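Subject: Structure handover

Hi,

Here is the structure I said I would pass on.

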Amino acid sequence: MIDAKDRLIIEVLQGGLPLVPSPYARVAESLGMDEQALLCRLAELKARGVIRRIAAAPNHYKLGMTSNGMTVWDVDDSQIADLGAHIGGLPFVTHCYERPRALPDWPYNLFAMVHGKDRGEVEEKRAEIAGILGSACRAKDILYSTRILKKTGLRLKPKGQTPCSA
């Protein structure tokens with residue numbers, strides 16, 4: 001599915017982009033290739049579905065955002081697509097997605113992560129979301145983070161390693 005050069009690109013990028021003004025140029029240089037060639041290969045990998053995206057994964061605690069809450073909502077199915085897009089576009093929502101309900105225990109189908117310097121700020125943001133959802137929302141809750149989990153993207157196994165030898 002990927003050739004040796006693609007594999008090398010992924011291995012280099014899985015550690016993150018360098019924090020320099022031209023990160024792709026630096027990565028390309030380390031791989032002995034032209035920046036434009038690297039960008040073209042990344043676009044091809046994305047088009048083929050080998051990679052989905054390259055994105056920042058900030059540590060919210062280091063940024064002073066020490067209160068983190070996953071807001072969960074039971075939203076009318078006929079309105080969830082439009083409302084979810086609206087909520088996901090809010091500047092304080094870092095990710096928003098629809099998931100199937102797990103009835104009878106879990107009635108929520110819309111999830112939106114918000115961060116704040118304290119719980120009061122998170123609650124203000126949750127109230128703003130509730131106002132947008134209005135009568136389309138039948139139930140809501142919030143799940144606060146209690147610890148930071150390691151955030152990583154794609155990780156390739158070392159070449160030649162099988163699942164049983166890992």
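What share of the contacts in the chain between residues at least 6 apart in sequence join residues at least 24 apart? That share is 66%, where a contact means heavy atoms within 4.5 Å.

Some ground rules. This is a predicted model, in which local features need pLDDT of at least 70 and side-chain atom pairs count only at pLDDT 80 or more, while totals for chains, interfaces and linings use all residues. Residues are numbered from 1 along each chain as its sequence is written, and side-chain values use heavy atoms, with hydrogens and water left out.

On confidence: pLDDT (the predictor's confidence in each residue, from 0 to 100) averages 88 over the chain, and 86% of the residues score at least 70. Over residues 162-166 pLDDT stays under 50, and the model has 2 contacts beyond four places in sequence for that stretch.

The chain has 5 helices and 4 strands; these are DSSP runs (helices H or I, at least four residues; strands E, at least two), numbered from the N terminus. Read from the N terminus, the order is α-α-α-β-α-β-β-α-β. Of the 166 residues, 31% count as buried, with buried meaning under 20% relative accessible area, exposed over 50% and partly exposed in between (1.4 Å probe, protein chains only).

Now the helix packing. Axes are lines fitted to C-alpha atoms, for helices over the stretch in contact, and angles run from 0 to 180 degrees between N-to-C directions. Under 35 degrees counts as roughly parallel, over 145 as roughly antiparallel, 65 to 115 as roughly perpendicular, and the rest as oblique.

Helix α1 (residues 4-13) and helix α2 (residues 23-31) have axes that come within 11 Å and cross at roughly 130°, which means α1 is oblique to α2. On the α1 side the contact is made by K5, L8, I9, V12 and L13, and on the α2 side by V27, S30 and L31. Those residues split into 6 nonpolar, 1 polar and 1 charged (Ala, Val, Leu, Ile, Met, Phe, Trp, Tyr, Cys and Pro count as nonpolar, Asp, Glu, Lys and Arg as charged, and the others, Gly among them, as polar).

α1 also packs on helix α3 (residues 35-47), at about 95° with the axes 11 Å apart, so α1 is roughly perpendicular to α3. Here K5, D6, I9, I10 and L13 of α1 meet L38, R41, L42 and L45 of α3. By class that gives 6 nonpolar, no polar and 3 charged residues.

Further along, the axes of α4 (residues 80-88) and α5 (residues 119-133) come within 10 Å and cross at roughly 150°, so these two helices are roughly antiparallel. L83, H86 and I87 of α4 make the contact with I129, I132 and L133 of α5. There are 5 nonpolar residues in it, 1 polar and no charged ones.

Two local spots to check in your viewer. The peptide bond from L103 to P104 is cis, with omega near 10°; most peptide bonds are trans. P104 lies in the loop between β2 (93-98) and β3 (110-116).

The other is I142, in strand β4 (residues 137-144). I142 counts as buried because its relative accessibility is 12%. Its C-alpha atom is separated by 5.6 Å from that of M70, 72 residues away along the chain. Leaving out residues up to four places away in sequence, I142 touches G69, M70, T71, V72, V122, E123 and R126.

Cheers
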